Amino acid sequence: MPSTSRRRAWLSDYTWPLGYVAVIMFLFLLYQAILPNLIDEVSGPVAAWLPVATINECLMWAIMALGLNVVVGYAGLLDLGYVAFWALGGYTAGWLMAAPFNWSWNFHLFAPVAETYPGTHITFWLVILIAGCLCALLGVVIGGPTLRLRGDYLALVTLGFGEVITQFFRNSNDIDGYNVANGDAGIPIIDPIGLGPFSLIKGVPASLTNSGSDNIYKILVLGALLGLCLFVSLRIRGGRLGRAWLAIREDQLAASTMGVSLVRSKLLAYAVGAFFGGIGGVANAAGITGAVSPSGFDFSKSVLVLLMVVLGGMGNAWGVTIGAFLLAWLNSNGLRQIGVAVGAASGKNLEAVLPRYNFLILGLLLVLMMLFRREGLLPEKRTKALMTMPSRIEMESVGAHIAEAEAKTKAFTESTSDADAEIAASASAVSPHLEPPPERSARSVKDTDR
Amino acid sequence: MTAVGVGGTRRKSAIRLGPVVERILGVVLLALAAIWLVWNLLADPTRFSGSVLIGLQNGLLYALVALGYTMVYGVIELINFAHGDLFMLATIVAAALMVSVLGVGHVGAVTLLPLVAALVGCMAFGAAVNVSAEFFAYRRLRTAPRLAPLMTAVGLSFVFRGIAQQDYVNGSAQKNWPIEWGGPIVEGVYLYKLLLVAAVTTPLLLGMRYIVSRTKMGKAMRAVAQDQDAARLVGINVNGTISFTFALGGALAGAAGVLYFLVQAQTYYDTGTQFGLIAFTAAVLGGIGNLTGAVVGGLAIGLIQSINEGGAHGLGSNWSQSVVFLILIVLMVFRPEGIFGRASTEKV
């Protein structure tokens, strides 16, 4: 029935936003209303294993992972320099939302700080857009020269760009005599997220600083941003552009033959991915750390985001989100808590020990994932086929030729002279110059095969 | 009949703008580099010559590590991201062997025996680690999409760094070792350092060249690089040959680790990433898969880097990485096959 199927489609289109809002609201209410009223035996472990700050970090990393998922998961372009966009987003926040480190342009635009405060202070919500656009531009600049490269060469060039941009920020206190971004010291104080008209509601703070009660409201803000990124990811994936990306990922040559513009699609993939990265950068600088410095933007962050994408399942927005939550939790709080728990059980103090193995555990995880579950925890069906399929060379050596030959033989043996005559007749109707085919009996065909 | 068929499809051969522009741009870039070199030489010849000496010393080390990249890439088309970190582990092993076990403090003629011992030990260590990495990880991924082994290599590089970061290995801070050098100092360069590096590196490079071009195993390596299936058909042990390639690369990285440790007298868990990337750039510069190219590329990158750092008109060591990576990016875009490589559409 068309009406029920339409209703089902409507439901599947709208169930996830409802579910997502429910999850975010539950998290918010958990910390705002439920936990403070519970006994310490219950609320203590929850606060220890899953503090509010960690939830916010997870949400921010999920935005980053969704952005990289567009580039790596959808379009299949391995980007090892994704940290560049995170850095540029953070520094955009530093330039537009902080007290001056080098210039004295006093400009306030819906900022949550006092009018008398010097420096450029633009509201978080506008800076997100500006940073996104700047990063998209940078994405196109990085993507442009790499259009012809594939696979591992592409990975290296993007890695090179990532390192160059980090080094640019590291040396930024003296770019030909100008102080562009304060060098190694970074930009210390960045404006908090302002809530604008929402602060008229009773109990809602005007700006979200790094205090515990304000952190709870950040769940809503970052959750809304992540929801937006999820929505965009899912909608683009189903649309024309998303299908073009998947086609490029699976076979670039075939895709371009079918009329997919490689240049346009790849540049758009970089731009969209970079836009998300810019949002993540601003969210990190303004919402989580409240400062930017170049030491945070190293190669290992790029690999961390890549690992989130791989762990969750490349190409699947939900899988990537879950992968990001898992790894961000492990990285910020989980390893320490597991150390505490194991230490309590074994009688040793392991709280500081386990986080030291951070690199080792992440690296081993990546290797093991690649060896045993290449498609990720929550794979997309299409990616799974791609990642577990042997490469073409193997197919040929195993017997793709034989399969092809069998198909041809089958076509020959099943053909009849009647069918041949029909094809010939229709062919001569189209092009009268063709001569009728020579007479051929079914018997002689049987003799020639095999 | 034939005239009808051809008439419609014949076209004037249009000028292909792309390659011409690219060639002009490439020549312009090379010319600019040459002008920059001469400019540096004229501005301050003594600083220039000092930089050249440092450049030679570093370049030879880059060449050793670049050979490991280029051989592995030549045989199984994998960028072994973990190679630089293997080199870093080798520097730590060398430090432990030479200083803690053998008690070397002042490098001189007496330390020849410990040096040989450390070289042998570190080369064996590098070869063993590299071969086991291939055996446990890369071998299973040979038929997988190319993304998979690449990410595995990134993961292994993290594992190596994680091991080196532990306090009982090297710790997360840079560690300085009490290694002293005597002998003449020219323009701030210890001549003996350069001599030692050259004396160890040259035989290794020549030996590598001999192995690949003259021996049966080298022939097998070249055959496997061309076509694994065909090599298997003519009776070559493909797995063994690939393992041998990894062993050679690992041994070279081990030797480079000993030399780097002796020259710099410091160990740091993050050495490998930067050094490895620079060495990989050297391999690409020379044409990846090409042994001579890797050596020439290593020397070229070493010279460019040191002149940039020490020359009169260089950007200084703050921008060292950026210069090298910009070279890498420009190379990849304009001439991915490198100086000595042959153009191939497959590899890019």
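This is a predicted model: local features need pLDDT of at least 70, side-chain atom pairs count only at pLDDT 80 or more; totals for chains, interfaces and linings use all residues.
Residues are numbered from 1 along each chain as its sequence is written, and chains are lettered from A and ligands numbered from 1 in the order in which they are written.

Chain A has 18 helices and five strands, where helices (H or I, at least four residues) and strands (E, at least two) are DSSP runs numbered from the N terminus. Of its 450 residues, 41% count as buried; a residue is buried if 20 or more other C-beta atoms lie within 10 Å of its own, exposed if 12 or fewer, and partly exposed in between, with C-beta atoms placed from the backbone.

Three strands of chain A form an open sheet in the order β1-β3-β2, with mixed pairing, and its edge strands are β1 (97-98) and β2 (107-109), each of which pairs on one side only. Two strands pair if DSSP finds at least two bridges between them, and β1(A) meets β3 (residues 120-122) of chain A in the antiparallel sense over two bridges, with Ala98(A) standing opposite Thr120(A) in β3(A).

Helix α5 of chain A (residues 124-143) has 20 residues and should span 28 Å at 1.5 Å a residue, which agrees with the 27 Å between its end C-alpha atoms, because the expected span is 1.5 Å times one less than the number of residues. Among the buried residues of α5(A) are Phe124(A), Val127(A), Ile128(A) and Leu138(A).

Between the chains, 38 residues of chain A are in contact with 37 residues of chain B, contact being defined as C-beta atoms, placed from the backbone, within 7 Å. On the side of chain A that touches chain B, α6(A) gives the most, with eleven residues.

The largest nonpolar core has 224 residues, and those touching the most other members are Ile63(A), Ala65(A), Met308(A), Ala63(B), Val65(B) and Ala255(B); such a core is a set of buried Ala, Val, Leu, Ile, Met, Phe, Trp, Tyr and Cys residues joined through C-beta atoms within 7 Å. In chain B, Tyr62(B) is found in helix α3 (residues 45-76) and is buried, because 30 other C-beta atoms lie within 10 Å.

Key:
Two residues are in contact if their C-beta atoms, placed from the backbone, lie within 7 Å.
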